[in-house]
Amino acid sequence: MTKINFYLLEYAYAYIIRNKIKNIFIITVFTLLVALLSTVFFITTTVEHEMKGRIEYKPDIIVEAYKAGVRSSVDEKLLEKLLEIHGISSGNLRLEGVYDFRAKNVRFYLYGVAPFEEVSDPFIKNILKNEELNSSNMLVSKDVKELMKQAYYDKYFNFIKPDGSFKKLYIKNYFNIKKRKEFQNLILLDQDALREIFGYKENQGSYIALSVANKNELDFIASKIRLMLPNVKVISKNDLNVSYEKLFNYDSGVFLSLFIISIFTFFIIIYDKANGLSSEEKREIGILKAIGWRVEDVLHAKFYEAALISFFSFTIGFLLAFIYVFILKAPLLGEIFMHQNLLDIHTFNLNIYLELSYSLLIFLLSVPVYIAATLIPSWRVATLDADEVMR
Amino acid sequence: MLLQKLFLILLFFINSVLFAYPNYSEAIKEKQIYPLGKKIYNTKCSKLDPLDYKSFEAVREAINQEKNCKSLQVKYKDALALYIWEKKRVQKSNTQKYPILKVSHSEKCPICGMFLYKYPRWVSMLEYGNGKKLYFDGVKDLLKYYFQHSTESMDLYARDYYTQKTISLKNAYFVIGSDVYGPMGNELIAFKDRKSAQNFLLDHKGKKIIRLKEITEGMVYKLDD
């Protein structure tokens with residue numbers, strides 16, 4: 001089969017048109033099935049990809065202080081104590097927090113920056129490279145700037161301190177978040193300004209970020225800190241990976257059941273189709289043989305017919321899924337992942353990410369199977385004598 | 001006369017309070033103060049030449065005079081001064097630097113034939129006097145080779161377990177018998193100083209701390225048993 005036989009292709013096309021009702025039904029079912037499966041995989045792979053990306057730049061070990069079972073601020077003295085541990089290569093007192101902007105019902109993510117401090121995240125590092133902050137200005141993301149503008153804060157913003165007074169910060173500049181969707185509501189500001197806004201005392205911070213040079217030693221050091229300081233919560237990067245994965249696996253379990261159901265439905269349809277042809281179809285093959293077609297010509301035409309239907313449906317289904325997930329932002333199915341989760345993803349506003357292997361899997365599960373299911377019964381009929389079929 | 005003396009004493013005290021030598025532990029200096037100082041030095045105050053000053057106070061004074069560094073907060077000035085006085089000055093006078101241990105994807109260990117890029121933490125290196133370099137997947141294999149060819153002169157390098165920085169094995173401390181295994185099983189874990197080796201020994205149930213001079217060929221082969 002080196003060349004496409006256009007006469008047979010035309011015949012196959014004419015056959016599809018002739019049996020309009022039946023083929024429209026097949027195409028609809030096929031398209032919906034591919035769309036459903038692709039949607040499942042698009043959503044799970046994008047969320048997983050996003051999760052991996054977010055963990056990548058987290059510190060190796062996070063140490064949070066707890067007081068009466070509730071998270072509280074960390075003292076700088078603790079950092080000095082932790083730095084004495086062998087294997088920890090560097091560490092700093094981080095100042096971060098979430099500020100509730102009630103007028104717009106959004107939460108700003110405030111990230112405190114100390115001059116000369118080493119920033120591990122390349123994105124933030126890049127922003128800070130040519131900007132110097134002082135305690136009366138800040139850098140905001142484009143979205144934040146937009147939100148502030150809606151509340152008539154064009155040049156500056158008044159943060160409300162815990163005691164009710166204002167802390168006025170000027171908007172120095174804004175930045176585009178590009179692909180880092182988790183920084184949609186990011187505000188970069190000086191550490192002292194952040195302390196003032198959240199009411200931290202001097203030498204206090206939100207948590208301690210430690211980095212470990214030898215990653216083999218990570219878990220050992222984490223457990224060592226746990227033993228040393230009973231009142232802190234120690235989260236190593238490995239723990240973080242595990243807990244994200246756990247949550248993700250639970251969510252994708254729901255998806256998997258959906259996937260299995262749709263695959264089974266598809267195979268039932270295929271089984272039904274492969275089991276036999278209608279008498280009309282049998283007669284058609286018989287006539288073709290009677291007017292001189294060889295078995296291979298019949299199969300050729302049938303192959304074109306099945307290929308046309310399945311490729312068309314696959315493409316449309318794939319496109320529908322793409323539009324549904326990435327352009328319409330997965331209205332109903334996306335909700336499964338959008339609950340109160342560790343990543344704080346509240347809208348399915350993620351980057352487009354396609355994993356080719358899954359698309360290939362869906363393709364191989366649907367198109368060749370359908371073609372085979374069309375060819376096998378036709379071949380069975382075509383090998384019989386023409387008069388036997390038409391009788 | 002007495003008033004003059006008193007004034008001098010007072011002046012001395014004020015001076016010492018102003019530029020008191022900051023008292024940090026070695027670990028904090030290494031992990032926090034020096035990197036901070038280095039960054040400040042490189043971004044703001046690279047004009048200061050560490051060899052110009054006779055004392056820490058002189059450095060501190062010079063920082064206060066320099067127009068770029070004048071406005072820094074006290075803690076940053078301290079870090080900068082410490083970096084210049086304790087690190088930068090020493091670095092200038094003694095420029096010995098160890099090579100970075102980096103291997104390509106095709107490099108194999110001459111002793112066991114394993115690919116090295118999979119275990120970047122364990123890569124060790126042997127350098128002949130003529131500049132020829134050989135890479136191994138651990139100190140154990142390196143020493144096997146070393147003892148087979150012990151007639152020639154060569155430099156040995158590996159990574160410090162905790163800091164992952166290159167160290168010369170001639171002045172390294174090794175821990176044997178610990179519960180940390182390399183790609184080839186039991187390993188000699190290298191450390192830059194006795195303190196960290198001691199710490200590792202206690203943490204990871206090591207048996208013994210040894211130096212390169214004390215290691216015999218038999219000891220190395222015994223690790224494989």
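The legends below describe close-up views of a predicted model.

**View 1. The two domains of chain B in the predicted model.** Chain B is divided into domain 1, which covers residues 26-93, and domain 2, which covers residues 120-222. Taken over C-alpha atoms, the centres of domain 1 of chain B and domain 2 of chain B are separated by 35 Å.

**View 2. The side of chain B that touches chain A.** In this view, 18 residues of chain B are in contact with 15 residues of chain A. Two or more residues on the chain B side are given by each of the elements α2 (26-43) and α6 (194-203) of chain B, and α2(B) gives the most, with eight residues. By residue class, the side of chain B that touches chain A divides into eight nonpolar, six polar and four charged residues.

**View 3. Helix α9 of chain A and the residue Gly292(A) that comes just after the helix.** Helix α9(A), which runs over residues 279-290 and has twelve residues, reaches 16 Å from its first C-alpha to its last, a span close to the 16 Å expected at 1.5 Å a residue. Just after α9(A), Gly292(A) takes a positive phi of about 110°.

**View 4. The buried residues of α9(A) and what covers them.**

Key:
Residues are numbered from 1 along each chain as its sequence is written. Chains are lettered from A and ligands numbered from 1 in the order in which they are written. This is a predicted model: local features need pLDDT of at least 70, side-chain atom pairs count only at pLDDT 80 or more; totals for chains, interfaces and linings use all residues. Domain bounds come from an automatic or database domain assignment. Two residues are in contact if their C-beta atoms, placed from the backbone, lie within 7 Å. Helices (H or I, at least four residues) and strands (E, at least two) are DSSP runs, numbered from the N terminus. Ala, Val, Leu, Ile, Met, Phe, Trp, Tyr, Cys and Pro count as nonpolar, Asp, Glu, Lys and Arg as charged, and the others, Gly among them, as polar. The expected span of a helix is 1.5 Å times one less than its number of residues. A residue is buried if 20 or more other C-beta atoms lie within 10 Å of its own, exposed if 12 or fewer, and partly exposed in between; C-beta atoms are placed from the backbone.
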